[in-house]
Amino acid sequence: MKKIEAIIKPFKLEEVREALSDVGVSGLTVTEVKGFGRQKGHTELYRGAEYVVDFLPKVKVEVIVADDVLDQAIESIIKAARTGKIGDGKIFIFPVEQVVRIRTGETGEAAI
């Protein structure tokens, strides 16, 4: 099992959710986050004053998938989240040793 963390643009969330659903991912966790990468924020104008926005709003999507679905899930996130512009985001993959469903006590892939 693997954990996928994808940092994406907020307006791409629904497309990513649908794409993951299409490959059989049944659950996910979404967190509103702020950050920056190579783009290093941007400058905005407010009431005539210019100021720098260092941390840009993003969304972090977290899913746990079986190893045999991993490549499909990654590809679906890439296709759904890509705009071709700077700031599209990143995907991180982590190994998952164990999963336990609290309600039933199921473990492993049965608990995903």
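Tutor: Contact here means heavy atoms within 4.5 Å. Keep that in mind for this predicted model.

Student: Which residues does S76 touch, not counting residues up to four places away in sequence?

Tutor: S76 touches A19, L20 and V23 once those sequence neighbours are set aside.

Student: Where does S76 lie?

Tutor: In helix α2, which covers residues 70–81.

Student: Is S76 buried or exposed?

Tutor: Buried means under 20% relative accessible area. S76 has 10%, so S76 is buried.

Student: How do I read the packing of helix α1 and α2? What is the angle, and how far apart are the axes?

Tutor: Helix α1 spans residues 13–22. The angle between α1 and α2 is about 150 degrees, and their axes are 8 Å apart. Angles over 145 degrees count as roughly antiparallel. Therefore α1 is roughly antiparallel to α2.

Student: Is the crossing left-handed or right-handed?

Tutor: α1 passes α2 in a right-handed crossing.

Student: Which residues make the contact?

Tutor: From α1, E15, V16, A19 and L20. From α2, A73, S76, I77, A80 and A81.

Student: How many nonpolar, polar and charged residues does the contact of α1 with α2 have?

Tutor: By class, there are 7 nonpolar, 1 polar and 1 charged.

Student: What about confidence? Where in the chain is it lowest, and where highest?

Tutor: Start with the chain. Its mean pLDDT is 91, and 92% of its residues reach 70 or more. Strand β3, residues 42–46, has the lowest confidence, at a mean of 66. Strand β1, residues 2–8, has the highest, at 98.

Terms used
Residues numbered from 1 in each chain as written. Predicted model: local features only at pLDDT ≥ 70, side-chain atom pairs only at ≥ 80, totals over all residues. Heavy atoms only, no water. Helix = DSSP H or I, 4+ residues; strand = E, 2+ residues; numbered from the N terminus. Buried < 20%, exposed > 50% of the residue type's maximum accessible area, 1.4 Å probe, protein only. Axes fitted to C-alpha atoms, helices over the stretch in contact; angles between N-to-C directions. Parallel < 35°, antiparallel > 145°, perpendicular 65-115°, else oblique. Left-handed = near helix turned anticlockwise from the far one by under 90°. Nonpolar A, V, L, I, M, F, W, Y, C, P; charged D, E, K, R; others polar. pLDDT = per-residue confidence, 0-100.
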